[in-house]
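Student: I would like a close look at a single part of this model, taken slowly and with the criteria spelled out.

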Amino acid sequence: MKYAFVNQAKSEPFPKGRGICSNCDAELIAKCGRVKIWHWAHKGKPPCDPWWETETQWHRDWKNNFPADWQEVSHIDPLSGEKHIADLKNPFGLVVEFQHSPIKPEEMASREAFYENMV
Ligand SMILES: [Zn+2]
């Protein structure tokens with residue numbers, strides 16, 4: 001992920017950084033290496049969002065066209081409690097998901113059903 005909460009502020013990864021996940025409140029560790037894009041990872045466990053994929057520069061470039069407050073917003077289904085992190089969610093409730101790799105139609109349908117107002 002691009003963002004974690006560090007001292008209540010939405011923060012990008014920095015070397016030796018520690019933060020909190022906006023989706024599950026778990027501890028995140030900043031991964032600031034040379035190969036993968038700098039990101040936050042859940043400490044010692046898989047990501048809390050099974051829909052989350054490793055990000056590429058392509059993803060980041062798209063997200064960076066929008067305000068930081070709109071990026072990586074946790075979205076909760078009030079009935080089921082299911083949570084996922086939207087690539088973008090604007091203040092009007094529109095979710096935008098950037099998808100560069102192939103995805104099955106059923107998978108796309110389940111994301112559209114979850115977010116409802118999604119492109
Ligand atoms: Zn999490």
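Student: Which side chain meets that of Lys63 in a salt bridge, and what is the N to O distance?

Tutor: The model is predicted, so local features need pLDDT of at least 70 and side-chain atom pairs count only at pLDDT 80 or more, while totals for chains, interfaces and linings use all residues. Residues are numbered from 1 along each chain as its sequence is written, and side-chain values use heavy atoms, with hydrogens and water left out.

The side chain of Lys63 meets that of Glu55 in a salt bridge, at 2.5 Å from N to O; the term denotes a side-chain nitrogen of Lys or Arg within 4 Å of a carboxyl oxygen of Asp or Glu. Lys63 is buried, with a relative accessible area of 0%, and Glu55 counts as buried too, at 9% relative accessibility. Here buried stands for under 20% relative accessible area, exposed for over 50%, and partly exposed for what lies in between, computed with a 1.4 Å probe on protein chains only. Salt bridges that share partners join this pair with Arg60 and Glu72, giving one network of Glu55, Arg60, Lys63 and Glu72.

Lys2 forms a salt bridge with Glu12, where the closest N and O atoms are 3.9 Å apart. Because Lys2 lies in the segment before strand E1 (4–6) and Glu12 in the loop between strand E2 (9–11) and strand E3 (18–20), this pair ties together parts that are 10 residues apart in sequence. Strands (E, at least two residues) and helices (H or I, at least four) are DSSP runs, numbered from the N terminus. Lys2 is buried, at a relative accessible area of 3%, whereas Glu12 is partly exposed, at 44%.

Glu27 and Lys43 also meet through their side chains in a salt bridge, at 3.8 Å from N to O. This pair links distant parts of the chain, with Glu27 in strand E4 (residues 27–31) and Lys43 in the loop between strand E5 (39–42) and helix H1 (57–63), 16 residues apart. Glu27 is partly exposed, with a relative accessible area of 32%, and Lys43 is likewise partly exposed, at 43%.

In general terms, side chains of opposite charge can pair when their charged atoms come close.
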